[in-house]
Amino acid sequence: MTALSNIPQQAVLPLGAYDREQLERDARRADQRLLMADFDGAGDKSAVLDRIATRFALPEHFGRNLDALYDCITDLDPVADTEQPRFVVILQDLPDTASFDAEQRGALLDVFRDAADYFFDHNIAFRVFYSVAGRA
């Protein structure tokens with residue numbers, strides 16, 4: 001049994017309730033595609049999207065907006081040749097600034113929730129764990 005065993009196949013959850021390192025190990029062990037971004041030092045939407053683009057290796061044509069983020073995420077492929085295609089996404093220390101406030105974080109997380117719905121329709125697990133800078 002792994003840390004991921006009791007987590008719904010499609011979920012966007014606070015990271016604080018889980019051991020990040022254990023999630024990473026379990027994802028690698030189960031041949032899940034692990035996507036991670038740490039937002040330390042990112043203070044606004046542009047920096048957040050740039051960090052995601054870099055860490056997730058999004059294509060050059062990524063438009064640096066939330067619609068384009070959804071399109072690029074749902075175009076990602078899980079690890080090839082696995083019986084159960086799955087993703088684990090870790091978004092660590094999302095900014096909590098005047099330039100990236102709760103409303104903007106909510107909009108970003110909504111993109112990941114919508115992507116989870118998309119992957120549900122394609123029978124692919126898509127679990128997202130996030131934390132906000134300065135919060136336990």
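**View 1. A37 stands opposite L91 in strand 3.** The model is predicted: local features need pLDDT of at least 70, side-chain atom pairs count only at pLDDT 80 or more, and totals for chains, interfaces and linings use all residues. Residues are numbered from 1 along each chain as its sequence is written, and side-chain values use heavy atoms, with hydrogens and water left out. Strands (E, at least two residues) and helices (H or I, at least four) are DSSP runs, numbered from the N terminus. Strand 2 and strand 3 run parallel, joined by six bridges. Leaving aside neighbours within four places in sequence, L91 is in contact (heavy atoms within 4.5 Å) with A37, F39, F56, L109, F112, V128, F129, Y130 and S131.

View 2. Two strands pair if DSSP finds at least two bridges between them.

**View 3. S131 is found in strand 4.** S131 counts as buried because its relative accessibility is 15%; buried means under 20% relative accessible area, exposed over 50%, and partly exposed in between (1.4 Å probe, protein chains only). Leaving aside neighbours within four places in sequence, S131 is in contact with L15, L91, Q92, D93 and L94.

**View 4. The largest nonpolar core has 33 residues.** Such a core is a set of buried Ala, Val, Leu, Ile, Met, Phe, Trp, Tyr and Cys residues joined through side-chain atoms within 4.5 Å. L69, L91, F112 and F126 touch the most other members. Two or more residues come from each of strand 2 (33–38), helix 2 (45–55), helix 3, strand 3 (86–94), helix 4 and strand 4 (125–132). Helix 4 gives the most, with seven residues. A second, separate core of ten residues includes L4, A27, L34 and V88.

**View 5. Helix 3 (residues 66–75) and helix 4 (residues 102–121) cross at roughly 30 degrees.** Their axes come within 10 Å. Axes are lines fitted to C-alpha atoms, for helices over the stretch in contact; angles run from 0 to 180 degrees between N-to-C directions. The crossing is right-handed, meaning that the near helix is turned clockwise from the far one by less than a right angle. Helix 3 makes the contact with L66, L69, Y70, I73 and T74. Helix 4 contributes A107, L108, V111, F112, D114, A115, Y118 and F119.
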